[in-house]
Structure formats: structure tokens, C-alpha cells
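Reader: Hi, I have just opened this one and would like to go through it piece by piece. Could you walk me through it while I look?

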Amino acid sequence: MLTERLSTDMSQSVKKITGLVAATFTPLSEDGEINLSVIAPYIDYLVDKQGVKCVFVNGTTGEGCSLTVDERKQLAAAWCHHGKGKLEQVIVHVGCLSLKDSQELAHHAASIGANGISVISPSYFKPMNADALRLFIKEVSASAPGLPMYYYHLPGLTGVTLEAADVLDGIEKVIPSFQGVKYSGMDLRDLGQCVSYSQPRNWSVLYGVDEQLLAALVLGVDGAVGSTYNYLGRMVKQIISAFDNGNHSQARTLQFKFMEIITFARSLGFDVSVNKQVMSEVSGLPLGPPRLPLLPCLVSKAQAIAQKIRDFSQGH
């Protein structure tokens with residue numbers, strides 16, 4: 001009964017995440033050190049130029065798993081500090097291969113005023129079933145019981161092929177702070193099951209495959225977390241607005257245009273490294289190189305993609 005009451009209290013007090021969430025890049029200096037001086041202007045760019053006021057820090061786009069625990073703490077603290085009064089939600093990804101590191105990051109996120117935490121599945125020693133993964137998430141959330149917890153589902157990179165709907169099934173019974181899922185998989189059936197389970201519990205289901213957002217909106221997701229929303233936020237908000245207003249033809253047209261940009265980018269090799277350089281080209285922010293084992297991309301490649309984005313923006 002206590003667990004149920006805590007879960008209900010959390011659901012009533014937490015501001016549900018909706019709309020767009022930018023999966024942030026990590027600014028690095030040319031010698032590979034984190035560059036915190038970029039965070040404040042980064043936030044201003046997201047809010048003023050893209051109309052995006054929620055961020056997901058230290059995730060895949062942010063090269064979180066290539067950073068040290070201390071670096072991740074510094075970045076999370078900077079986003080929370082500079083985002084105060086400007087950002088609506090700062091969700092900190094705290095997933096690590098090590099349970100202890102994840103717990104340390106979760107506790108730190110609570111101490112700096114983050115709005116929530118998220119955990120990806122460990123991917124070296126993989127959980128053998130949904131119970132094992134739920135237990136891992138539970139142990140992390142226990143280090144920040146007052147923060148909403150979101151499961152980060154990314155089977156394409158983790159190699160953990162458990163269905164997210166199976167992970168969510170009954171999770172509120174063991175994790176009172178659980179509040180939703182960032183679904184970055186391609187299986188729309190599984191996504192739909194997550195939405196169906198989450199809606200009566202008032203959880204947030206956020207989609208993470210940018211170029212398929214419209215399909216996820218039809219299934220009832222609450223919003224989306226993505227890297228391209230850093231520099232295409234305004235455009236994608238038009239897709240959501242058209243869909244919400246019942247103008248499905250316009251929503252499709254905009255989604256197809258968005259797909260054209262992503263298809264062009266993928267033809268040039270669109271990975272985190274290229275994506276990061278595109279953000280630098282479009283925003284003017286000095287985000288620097290990626291961290292090894294990722295290799296810097298050719299600037300000309302990023303410039304070509306950035307020009308494609310400008311061409312579209314000028315046409316709309």
C-alpha cells in the first residue's frame with residue numbers, strides 16, 4: 001500500500017514531459033576536454049532560436065558513455081545551473097555499465113536540482129530478462145528516490161533486445177518514482193504497448209527516432225527526445241502542431257521534408273560525429289570534436305547537410 005501511495009503521489013506532483021526534448025551534445029575543446037563555457041549560450045540558442053525548453057543531458061548524443069563520472073557531473077551541474085529560469089526540464093542520463101557509478105550520478109543529479117533521471121540498460125554484461133533490468137533500474141532510482149525515473153530503451157546500441165513493454169510491466173510496484181520511457185527503438189508495436197500501459201498511469205512516453213516521429217504521434221506518444229531537435233526544433237514543432245490541429249496532410253508533408261534531410265545526411269554517413277559538427281555549423285556554437293573512438297567528420301560534409309537545412313528553412 002505504501003508503494004502504491006508513493007507512486008500515486010509522484011504521478012500527481014511530477015510535471016509530465018511533453019513536446020520536444022533536445023538530446024544535447026557535449027562541447028569539447030580541441031584537446032578533448034569538456035568546455036563548460038558553451039553551455040549558457042547553448043541554452044539561449046535552444047530557447048530563443050528553436051523554441052526547445054527541455055533537455056536530455058549525457059545521453060548517446062552527448063557521448064555520455066565516453067565521459068568520466070566527474071565530467072558527467074560537471075556537465076549536469078552546468079545545465080541545471082544555467083538552465084534555471086530558462087529550461088522547463090533537465091533530464092540527466094545516469095546509465096553506466098557500473099551500478100555504483102549510476103547510483104553516484106543519480107544521487108548527484110538530485111543534489112543539483114535536476115528534474116529527472118534516465119537509465120539505459122548495461123550493455124557489456126546484459127540483463128538476461130526484464131526482471132534483471134527492472135532490478136538494476138530500481139537500485140539506481142533508490143539513490144534519488146525523489147526524482148522521476150525514465151527508462152531509456154535503445155536496443156540498436158545496447159544489444160539488449162528485451163521488449164520495453166515487458167520492462168514496464170509492473171515496474172511501478174518496485175519503483176515508485178518511475179515516470180516513463182524514452183523509446184529509441186524501431187518496433188512500433190512494442191512502442192504502442194508502452195503507450196497503452198503508460199497512459200492510465202500518466203507516464204510520459206517519449207519517442208527517440210526523429211525521422212519517424214509522426215508515426216509515433218499517431219500511436220499517442222507524449223513527445224520526443226532527439227539530437228536533430230537541437231537545430232531543427234522549430235520545424236519539428238510545426239509537425240506536432242499540424243498533427244495536434246488535425247491537419248494530417250500538412251503534418252505528412254513536413255515529415256516527408258524532414259525525412260529528406262535525414263536521408264541526405266545518412267547518404268553522407270550521419271553518425272554522432274557528423275551530427276555534432278552539423279549542430280556547430282547551424283548554430284555557430286563551438287562544440288568541438290567528438291571523443292575517441294569517434295572520429296571528427298569532414299567539415300565539408302557537415303556544411304553540405306547544414307546547407308540542406310537552410311534551404312528547407314528558407315522555403316518555409
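Reader: Which residue in strand 2 is the bridge partner of Ala23?

Author: In this predicted model, the bridge partner of Ala23 in strand 2 is Phe56. Strand 1 and strand 2 run parallel, and two bridges join them.

Reader: Which way do the side chains of strand 2 point?

Author: Strand 2 covers residues 54–57, where Cys54 and Phe56 point one way while Val55 and Val57 point the other way, and all of them are buried. In a regular strand the side chains alternate between the two faces of the sheet.

Reader: OK, and what do the strands close into?

Author: Eight strands close into a barrel, in the order 1-2-3-4-5-6-7-8, and the pairing is parallel. On average, neighbouring strands of this sheet are turned by 25° against each other, if direction is ignored.

Reader: What packs on the sheet next to strand 7?

Author: Helix 8, made of residues 188–198, packs on the sheet and touches strand 5, strand 6 and strand 7, and its direction makes about 160° with that of strand 7. Elsewhere, helix 10 (residues 229–244) lies across strand 1 and strand 8, running at about 165° to strand 1.

Reader: How many bridges are there between strand 3 and strand 4?

Author: Strand 3 (residues 89–93) and strand 4 (residues 116–120) pair in the parallel sense over three bridges.

Reader: Changing topic, where does UniProt put the active site?

Author: The UniProt record, which is an unreviewed entry, places the feature "active site" at Tyr152 and Lys182. These two are spread over 31 residues of sequence, but they cluster in space, with a largest C-alpha distance of 4.8 Å. Of this set, Lys182 is part of the lining of the largest cavity.

Reader: Is Tyr152 buried or exposed, and which strand does Tyr152 lie in?

Author: Tyr152 lies in strand 5, which takes in residues 149–153. Tyr152 has a relative accessible area of 3%, so it counts as buried, the cut-off for that being under 20%.

Reader: What does Tyr152 touch?

Author: Leaving out residues up to four places away in sequence, Tyr152 touches several residues, including Phe56, His93, Ser118 and Lys182. Thr60 is also one of the residues that Tyr152 touches, and a polar contact of 2.7 Å joins the side chains of Tyr152 and Thr60.

Reader: And where is Lys182 found?

Author: Lys182 is found in strand 6, residues 178–183, and at 5% relative accessibility Lys182 counts as buried. Not counting residues up to four places away in sequence, the contacts of Lys182 include Phe56, Tyr152, Leu206 and Val225.

Reader: Which residues does UniProt list as "binding site"?

Author: The record, again an unreviewed entry, places the feature "binding site" at Thr61 and Val225. They span 165 residues in sequence, yet no two of their C-alpha atoms are more than 10.5 Å apart, so they gather at one spot. Of these residues, Val225 is included in the lining of the largest cavity.

Reader: Where is Val225 found, and what does Val225 touch?

Author: Val225 is found in strand 8, and with a relative accessibility of 1% it counts as buried. Among the residues that Val225 touches, setting aside those up to four places away in sequence, are Val21, Ala23, Phe56 and Lys182.

Reader: What about Thr61, in which loop is it found?

Author: Thr61 is found in the loop between strand 2 and helix 3. Thr61 is buried, with a relative accessible area of 11%, and, aside from neighbours within four places in sequence, it is in contact with Ala23, Thr24, Phe25, Ser227 and Val272.

Reader: One more spot, what joins the side chains of Arg201 and Glu172?

Author: A polar contact of 3.1 Å joins those side chains of Arg201 and Glu172, and the two residues are 29 residues apart in sequence and 9.2 Å apart in space, taken from C-alpha to C-alpha. Arg201 has its place in the loop between helix 8 and strand 7, and Arg201 is partly exposed, with a relative accessible area of 26%.

How values were computed
Residues numbered from 1 in each chain as written. Predicted model: local features only at pLDDT ≥ 70, side-chain atom pairs only at ≥ 80, totals over all residues. Heavy atoms only, no water. UniProt positions renumbered as here; feature names shortened; annotations may be inferred. 1 Å grid on protein atoms, 1.4 Å probe; cavity = no way out; pocket = protein on both sides within 12 Å on 5 of 7 lines; lining within 4 Å. Helix = DSSP H or I, 4+ residues; strand = E, 2+ residues; numbered from the N terminus. Buried < 20%, exposed > 50% of the residue type's maximum accessible area, 1.4 Å probe, protein only. Contact = heavy atoms within 4.5 Å. Polar contact = N/O pair within 3.5 Å; in protein donor to acceptor, adjacent residues only side chain to side chain. Pairing = 2+ DSSP bridges. Axes fitted to C-alpha atoms, helices over the stretch in contact; angles between N-to-C directions.
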